[in-house]
Amino acid sequence: MYQGEVIKNLPLSHNVYLLRVKTDLDIIFSFNPGQFVKIKINERIDPLIPRPFTIHDVKKNSFYVLYQVVGKGTKALSLVQPGSKIEFLGPLGKPFPKLENYVICAGGIGIAGFIYLLESIKRKIHTYELPKKIFYGARTAEDLVCYPFLEDIETEVEIATEDGSQGYKGLITEPLRKYLEKNKVDVLACGPLPMLKAIAQIAQHFGVKAYLTMETFLSCGTGFCKGCVIPLKNGNYVHLCIEGPTLLAEEIDFDAIS
Amino acid sequence: MPFLKLRNLELKTPLMLASGTWGLGENLDLYLTKEEIKSNIGAFVSKGISRLPKKGNPPPRLYETPCGLINSIGLENPGLEVFKRDYLPKLFCYGVPLIINLHGEEVEDFVALVEGFKEENVDGIELNISCPNVKKGGIAFSSDPKGVKTLVKEVRKVWEKFLAVKLSPVGPVYEIAEICEKEGVDALVVANTYPALGVIDLAPLKVIKGGLSGPAIKPLTLRLVYELAQKVKLPIIGSGGILSGKDALEYLVCGAKAFQIGVANLIDPTSPVKIIQEMEEIKKKHGLFG
């Protein structure tokens, strides 16, 4: 594991935090959009397993993680003070696929990894194409923590909130469905499992590809333990930490994921 | 000078990588240099190998507990032939002694597996006796001292090199340890994970059944090592919740001759280096082990 120093760890909403970790430049030079890091809060054995986080952005000698407090691991991370030393392992997993004609669809904290992709395009760090459109949904306007950033992106952004406090009232998959009725584009998506499942069905219906960034509890992140499997329709399993986290939707057996 | 010699097996350090905690070795050199591997890891214990490929259990396969991890991987492995063809050659390149962990559903499976490795340049065999014996109605070998006796006897007929038995921490542990000693086993690995259960959902009830590992089990396994070391003369390889050099030393002072790390390697793939380094520092400070 590498050493890092927490420069900031700020709440952006009631349960979403932005973490900045300073480390050696040559380590973060190898970070690609869609990959993740495993963060260990020093000397802690409860929670025992370092949690994985998508790389949210990379600037100068720091990387950023945008995370939602959902359990013991993220709660512990939210209490880490600036100036603290942490350890991390990464980059882990495969980068986002390089798509040409596609849209992004993000639900809630699922937006985190796409910011690095969009920043990479803007700052010409990695050679990704700009998405034709970005669909970004959350429960409420307050949960759209990355909205201010998206205002600067040179592509159209459509918002949906479940309570209707901003944009379309309802799930983000509805505006996506309407768009796909008229546009044949692939979809790159990350968000809650029901959203990803719905996108897999929508993509199949319109005959386009969907690439979904999946999530599951994982321990090693290195392919060592074989614990983080996702069932595929062909009856095999994929090890999410090394073969993912972004998978082709049509291959995933959602019925076997409980 | 080796740190420890057990029959043909020569360990440069007391640290062994436990079965199933470093994959099939294909990614190890992404995290450690060849030199770090060679100078810190005394021996590799391969992922459990079966005669035929096993795709493993459906998810969820993992469940975290306070200071512990329950796993239910289901012995996923590519099977004997693919392992020998695709993975063994790379493992030999590291210059670290290699012990093959084997599991089977009946004695014949183990014997066939051992024979499959006879012509290979591997250094030893570790028998996983926590698996069910199909011929005895699915009761685990580790619950059946007579079954273990037959198993070890049959394996010894075809395998002359280093042979270890990985004990389950539950069942007639002492009786099985004594049988292993009588039947010519070279070392006992103490111990496998503890049968455990995690509640995933309260209602409707959804559980995961698997093996508990990690610091949560360390005091339990330490006790077992301590007691067993008084009862049998066989060298004991301690395994259970070692995360630091201090943890490793605790096993050694309680009677283990070497130790295996598991969860530590899942948390941090560079932990072999850190554990050996820390252990050496503490040994020096306290003048332990000469």
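Guide: Let us start with a definition: two strands pair if DSSP finds at least two bridges between them. The model is predicted.

Visitor: What makes strand 11 and strand 12 of chain B a pair?

Guide: Strand 11 (residues 162-167) and strand 12 (residues 187-190) of chain B are joined by 4 bridges in the parallel sense. The requirement is at least two bridges, so the term applies. As one example, B:Lys166 has B:Val189 in strand 12 of chain B as its bridge partner.

Visitor: What is the order of the open sheet of chain A, and which strands stand at its edges?

Guide: The open sheet of chain A has 7 strands in the order 4-3-7-1-2-6-5, and the pairing is antiparallel. Strand 4 (51-54) and strand 5 (57-59) of chain A each have a single partner strand, so one side of each lacks a neighbour in the sheet; these two therefore stand at the edges. The twist averages 35° from one strand to the next. Helix 3 (residues 112-122) of chain A lies across strand 4, strand 5 and strand 6 (62-68) of chain A, and runs at about 45° to strand 5.

Visitor: How do you know that strand 3 and strand 7 of chain A pair?

Guide: Strand 3 and strand 7 of chain A share 5 bridges in the antiparallel sense. At least two are needed, so the strands count as paired. A:Lys40 has A:Glu87 in strand 7 of chain A as its bridge partner.

Visitor: Why is the contact of B:Lys274 with A:Glu87 called a salt bridge?

Guide: The closest N and O atoms of B:Lys274 and A:Glu87 are 3.1 Å apart. Side chains of opposite charge can pair when their charged atoms come close. Between chain A and chain B the count is 3 salt bridges.

Visitor: What else is found across the interface of chain A and chain B?

Guide: The rule finds 13 residue pairs in polar contact there, both residues being at pLDDT 80 or more. On the side of chain A that touches chain B, the elements giving two or more residues are strand 3 (36-41), strand 7 (85-92), strand 14 (229-231) and strand 15 (237-239) of chain A. Strand 7 of chain A gives the largest share, 3 residues. By class, this side of chain A has 18 nonpolar, 7 polar and 7 charged residues. The contact takes 32 residues from chain A and 36 residues from chain B. The area buried between chain A and chain B is about 2,700 Å², and carbon and sulfur atoms give 62% of it.

Visitor: What makes B:Lys135 and B:Glu106 a salt bridge?

Guide: The closest N and O atoms of B:Lys135 and B:Glu106 are 4.0 Å apart. The pair links distant parts of the chain, 29 residues apart. B:Lys135 is in the loop between strand 9 (132-133) and strand 10 (139-140) of chain B, and B:Glu106 is in the loop between strand 7 and helix 3 (107-117) of chain B.

Visitor: How do you know that the peptide bond from B:Val190 to B:Ala191 is cis?

Guide: Its omega is near 5°. B:Ala191 is found in the loop between strand 12 and strand 13 (194-201) of chain B. The bond from B:Ala203 to B:Pro204 is also cis, with omega near -10°.

How values were computed:
Residues are numbered from 1 along each chain as its sequence is written. Chains are lettered from A and ligands numbered from 1 in the order in which they are written. This is a predicted model: local features need pLDDT of at least 70, side-chain atom pairs count only at pLDDT 80 or more; totals for chains, interfaces and linings use all residues. Side-chain values use heavy atoms; hydrogens and water are left out. Contact means heavy atoms within 4.5 Å. Buried area is the accessible area (1.4 Å probe) that two parts lose on being put together, summed over both. A salt bridge is a side-chain nitrogen of Lys or Arg within 4 Å of a carboxyl oxygen of Asp or Glu. A polar contact is a pair of N or O atoms within 3.5 Å; within protein, one must be able to donate a hydrogen and the other to accept it, and residues adjacent in sequence count only if both atoms are side-chain atoms. Ala, Val, Leu, Ile, Met, Phe, Trp, Tyr, Cys and Pro count as nonpolar, Asp, Glu, Lys and Arg as charged, and the others, Gly among them, as polar. Axes are lines fitted to C-alpha atoms, for helices over the stretch in contact, and angles run from 0 to 180 degrees between N-to-C directions.
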